[in-house]
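Here is a quick tour for anyone opening this one for the first time. Have a look at the sequence and the model, then read on.

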Amino acid sequence: MDQHKLRDFKEDFSLLIEAGFIAVKQLDETSATRIFNAAQAMSPDSTAPQIGLGYIALSKLEVKQATKIFETVIQTEPENYLAQTFLGMCFLLTKPKRKKGEQVIRAAMEKTTDPTIKNLGELTLEWARKDLSKEKAPFFATGQSGE
């Protein structure tokens, strides 16, 4: 592909990332994965496609894989508060790490200026308080298989 065409596509990079998240929401894992991988090929230094792939893993409750992806993103971009919030979610789903998950999410909420990330953090902490802290936790939060 010539550089001019690639430059045109790079201008729409954020649309490609958004399309990947829409595909995840529509439960189209194959398309979402392809979209995020294409975005990564277009912009190898961007962490956005990795966050998308981590989100796919988290949506499938593949907590160990999602954790690894989000930790890698944070190593590359320590101030990526979306990745920190998603990492906190991974910890919430791992019973021995729940307190750490709450701490990670609260820290990200304090540091970010993005209202969307703050809202995501608030909703996640409310979910953890209402559902994960019950005497009988949801089926997906009790096993150790996803760790």
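## A loop with a positive phi

Leu27 sits in the loop between helix 2 (13–25) and helix 3 (29–42). Helices here are DSSP runs of H or I with at least four residues, strands are runs of E with at least two, and both are numbered from the N terminus. Phi of Leu27 is near 60°, which is a positive value in a residue other than glycine. Leu27 counts as exposed because its relative accessibility is 77%. For these labels, buried means under 20% relative accessible area, exposed means over 50%, and partly exposed is in between (1.4 Å probe, protein chains only).

Leu61 also has a phi near 60°, again a positive value in a residue other than glycine. You'll find Leu61 in the loop between helix 4 (48–59) and helix 5 (63–76). With 35% relative accessibility, Leu61 counts as partly exposed.

## What you are looking at

This is a predicted model, where local features need pLDDT of at least 70 and side-chain atom pairs count only at pLDDT 80 or more, while totals for chains, interfaces and linings use all residues. Residues are numbered from 1 along each chain as its sequence is written, and side-chain values use heavy atoms, with hydrogens and water left out.

The chain has eight helices and zero strands, so reading along the sequence gives the pattern α-α-α-α-α-α-α-α. Of the 147 residues in the chain, 39% are buried. Take the contacts in the chain with a separation of 6 or more: residues 24 or more positions apart account for 45% of them. Contact means heavy atoms within 4.5 Å.

Phe21 lies in helix 2 and is partly exposed, with a relative accessible area of 25%. The C-alpha atoms of Phe21 and Ile35 are 9.1 Å apart, and the two residues are 14 residues apart along the chain. Setting aside neighbours within four places in sequence, Phe21 is in contact with Phe36, Ile51, Gly52 and Tyr55.

Gln40 belongs to helix 3. Is Gln40 buried or exposed? Gln40 is buried, at 15% relative accessible area. Its side chain reaches the backbone oxygen of Pro44 at 3.1 Å, and a polar contact of 3.0 Å joins the side chains of Gln40 and Gln50. A polar contact is a pair of N or O atoms within 3.5 Å; within protein, one must be able to donate a hydrogen and the other to accept it, and residues adjacent in sequence count only if both atoms are side-chain atoms. Beyond neighbours within four places in sequence, Gln40 is in contact with Asp45, Ser46, Pro49 and Gln50.

## Helix 6 against helix 7

The axes of helix 6 (residues 81–92) and helix 7 come within 7 Å and cross at roughly 160°. Axes are lines fitted to C-alpha atoms, for helices over the stretch in contact, and angles run from 0 to 180 degrees between N-to-C directions.

On the helix 6 side, the contact is made by Tyr81, Gln84, Thr85, Gly88, Met89, Phe91 and Leu92, and on the helix 7 side by Arg98, Lys100, Gly101, Glu102, Val104, Ile105, Ala108 and Lys111. By class, the residues of this contact divide into seven nonpolar, four polar and four charged. Here Ala, Val, Leu, Ile, Met, Phe, Trp, Tyr, Cys and Pro count as nonpolar, Asp, Glu, Lys and Arg as charged, and the others, Gly among them, as polar.

## Helix 7, Thr112 and helix 8

Thr112 lies in the loop between helix 7 (98–111) and helix 8 (115–132). Thr112 is buried, with a relative accessible area of 5%. The side chain of Thr112 reaches the backbone nitrogen of Asp114 at 3.0 Å. Apart from neighbours within four places in sequence, Thr112 is in contact with Tyr81, Ile117 and Lys118.

The axes of helix 7 and helix 8 come within 9 Å and cross at roughly 155°, and the two helices are therefore roughly antiparallel to each other. Their contact has five nonpolar, two polar and six charged residues.

Conventions: Angles under 35 degrees count as roughly parallel, over 145 as roughly antiparallel, 65 to 115 as roughly perpendicular and the rest as oblique.
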